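Hi everyone, thanks for coming. Please have a look at the screen.

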Amino acid sequence: MIISGKELSARLKAEMAEEVKGFPAKYGRVPHLVVVLVGDNPASVSYVTGKAKASAEVGIRNTTIRRPESIPEAELLELIASLNADAEVDGILVQLPLPKHIDEDKVIAAIDKSKDVDGFHPLNVAALWQKQPCTLPCTPKGIIKMLKAAGVEIAGKRAVVIGRSNIVGLPVSKLLLDENATVTMAHSRTRNLAEVTRGAEILVVAIGRPKFITADMVSEGAVVIDVGVNRDPETGKLCGDVDFAAIEPKASVITPVPGGVGPMTICCLMENTIECFKRRF
Ligand code: NAP
């Protein structure tokens, strides 16, 4: 079974759009998401455009604020402070990566926790690890939604997550643990990676290397979630970290790239924006 994140997210966005229609009558306005884009990195521009498009579909007001690559850190922090103070702003997202002269951690920590739709603020991260209410990071949240929508039983399963980044690997491992999977976290220093991955009933791959996971690394019947977004060096087309063509016949469930985890990430951003909005009333 191929889980289409594109189809699932379209369905969820349509449901959200229905709900948002009722907000002006109930709350006097619709949710407002502000996306801050520094510089003109093509990948970042495309992500920000995708977020604006999804906002329009759901009926969320979206403002994209563009600033030049050369913006001083202090000026960016001032902008965030003004957005924090703006009662008409419900969600703030600073598109990453930021230019080298800007401290990303400082910028993320400057966002009001209650408007942190990415779930990257240290207080949201701490709450996640303490199993307290928080805004969940979008990609891990989307992955769990996909598994559940596909009817995958997570409890008791051996899950292997490759990659330990703050935005994907670490939080998705925690969410799988909270769903009672037995989680192994693998990374670039893992020995005998293929042996580890072959033991996975659920394999989540977030590395950033085209088609790194080959068929011999996956067991028959495994559930495979491919988070990677790469350019295939041979064709120049988008591809994941998983060799989809070789593994799809072996896997019981697999996500494609594009059209898998990516659309679910944006869908969860919409959901997070609505959640942050509702908490303000
Ligand atoms: P990242 O911060 O670069 O982390 C990559 C992780 O992969 C690191 O933990 C690294 O291990 C591990 N790794 C690298 N080479 C490895 C190897 N040969 N064997 C085992 N592990 C290895 O990446 P990220 O931000 O998590 O993103 C990962 C991928 O997901 C990228 O392609 C990114 O574009 C994509 N992504 C997609 C979405 C989406 O919505 N679809 C969202 C976020 C990211 P060490 O820690 O040991 O260095």
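I'll start with the pockets, move on to the ligand, and finish with the cavities.

One thing to keep in mind throughout is that this is a predicted model. And a quick word on the idea behind the search: rolling a probe the size of a water molecule over the atoms shows where empty space is left.

So, how much space lies in the largest pocket? About 1,400 Å³. Its lining is made of 49 residues, and those nearest the centre are Tyr-47, Thr-139, Val-229, Gly-262 and Thr-265. If you want to find the lining by its elements, look for α1 (5-21), α3 (42-58), β3, α7 (138-149) and α11, each of which supplies at least two residues. Which of these gives the most? That is α3, with 10 residues. By class, the lining of this pocket has 25 nonpolar, 16 polar and 8 charged residues.

Now for the ligand. Where does the ligand sit? You'll find it in the largest pocket. There are 22 residues around the ligand, and Arg-164, Ser-165, Ser-188, Val-229 and Thr-265 come nearest. Notice that Val-229 and Thr-265 were also on the list for the centre of the pocket.

A polar side-chain atom of Arg-164 is 2.7 Å from an oxygen atom of the ligand. For Thr-265, an N or O atom of the side chain lies 2.7 Å from a ligand oxygen atom. How much of the ligand does the protein bury? On its own the ligand exposes 920 Å², and the protein buries 71% of that.

The shell around the ligand has 10 nonpolar, 10 polar and 2 charged residues. Helix α11, residues 261-279, provides the largest share of that shell, with 3 residues.

Next comes the second largest pocket, with a volume of about 260 Å³. Here α5, α6 and α8 (169-178) each supply at least two lining residues. Among the residues of that lining are Leu-96, Ile-108, Phe-120, Trp-129 and Pro-171. The split by class is 9 nonpolar, 1 polar and 2 charged.

Finally, the cavities. How many of 30 Å³ or more turn up in the whole structure? The search finds 2.

The largest cavity has a volume of about 70 Å³. Two elements give two or more residues to its lining, β3 (91-94) and α5 (104-110), and the largest share, 3 residues, comes from β3. The lining includes Ile-92, Leu-93 and Val-94, along with Asp-116 and Asp-118. In total, this lining has 9 nonpolar residues, no polar ones and 2 charged ones.

The second largest cavity holds about 40 Å³ of space. Its lining is Gly-119, Val-125, Leu-128, Trp-129, Pro-137, Asn-166 and Pro-171. Helix α6, residues 122-129, gives the largest share, 3 residues. Here the classes come out as 5 nonpolar, 2 polar and no charged.

Notes
Residues numbered from 1 in each chain as written. Predicted model: local features only at pLDDT ≥ 70, side-chain atom pairs only at ≥ 80, totals over all residues. Heavy atoms only, no water. Near = heavy atom within 4 Å. Polar contact = N/O pair within 3.5 Å; in protein donor to acceptor, adjacent residues only side chain to side chain. Areas by Shrake-Rupley, 256 points an atom, 1.4 Å probe, with all protein chains shown as cover. 1 Å grid on protein atoms, 1.4 Å probe; cavity = no way out; pocket = protein on both sides within 12 Å on 5 of 7 lines; lining within 4 Å. Sits in = over half its atoms within 2 Å of the grid points. Helix = DSSP H or I, 4+ residues; strand = E, 2+ residues; numbered from the N terminus. Nonpolar A, V, L, I, M, F, W, Y, C, P; charged D, E, K, R; others polar. Points joined across faces, edges and corners; volume = space filled by probe spheres on them.
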